Amino acid sequence: MQIHFGLELLHAEWHHCVTCVGTFDGVHLGHQAVIRTAVQTAVEAELPCCLVTFDRHPAHVLAPDRCPKAISSLSANLDHFTEIGVSVAVILAFDPALSRMSATDFLDHILVEKLRTNQLVVGHDFAMGHHREGTSEWLAQHIPTRVVPPYELDGRRVSSSDVRRAIEAGRIEDANRWLGRPFEIDGVVVGGERLGRTIGFPTANLARSFDQIYPADGVYAAMAEGSFGRYAAAVSIGMRPAVGGKHRTIEAYLIDYPGESLYGKTVRLSFHHRLREELDFPSLDALKAQIAADVLLVSERLS
């Protein structure tokens, strides 16, 4: 997939394309239905499929006090766009100027003039332009537009809001069903207190570079993946009351990892199961025994 940050260097050599537009945070099953429809429509028309999205949630500009935390990193979203079959992704900076752009200008100058769009595919609740004036009904009057109905699972519409609530409550299995894959966290390994080494379970401390949603405090079975390979991991999220922690951390113990330093490496954690809530312990020996039990359970769950 070709990726463009902004439109300045975009030079489309195709005559036409099929385009879908949206925030697509998390790329859940509802988003996937829209994007797959656009890809299939493009394949049938023998055209490229272009996807237009934004560098941040529009609420960062339009309603910062009510802006939801991100479900996924932009890099993870782009990976999933690629997997679905998108040809070209254009990431626009959602700044005040873009927020004031009319639907007519967005359609004429960005979608048609720059991307050469001749067909649009959008979700049922899509609207673009200042004051959301560019509804699907409005678009259909100006350009061939295909509207994808709500995606339902077990009689319930899949939504980003429900995914966020499930993650925050620790209901990872529910979130994963609606995402169509495990919930992911991207981070870089930084130095910590190195307490894990002293009790035989060295952990990778993850630091993130953006305001992503946290799963509820507790211990999770996950897969850790990066340039170092792919390993099952016991992941602890929380305040670490047993050792007097003062801030929330994400720590991953990679099972059977050979031991080379991970400092500075990027890690993607894919969460599969929540094992338990965060606990306090009367001693380091009790903590060590519980971690050993957690690691065994992770191995069983992810075998």
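Which residues of the largest nonpolar core touch the most other members? In this predicted model, local features need pLDDT of at least 70, side-chain atom pairs count only at pLDDT 80 or more, and totals for chains, interfaces and linings use all residues. Residues are numbered from 1 along each chain as its sequence is written, and side-chain values use heavy atoms, without hydrogens or water.

A nonpolar core is a set of buried Ala, Val, Leu, Ile, Met, Phe, Trp, Tyr and Cys residues joined through side-chain atoms within 4.5 Å; buried means under 20% relative accessible area, with a 1.4 Å probe and protein chains only. The residues asked about are F183, V235, L254, L269 and F271, in a core of 32 residues. A second, separate core holds 27 residues.

| Core | Residues | Members, including |
|---|---|---|
| Largest | 32 residues | F183, V235, L254, L269, F271 |

Contact means heavy atoms within 4.5 Å. Beyond its neighbours within four places in sequence, V235 is in contact with residues including Y220, I250, L269 and F271.

S72, at 7% relative accessibility, counts as buried. Leaving aside neighbours within four places in sequence, S72 is in contact with D25, G26, N77, R181, F210 and Q212.

How values were computed: Buried means under 20% relative accessible area, exposed over 50%, partly exposed in between (1.4 Å probe, protein chains only).
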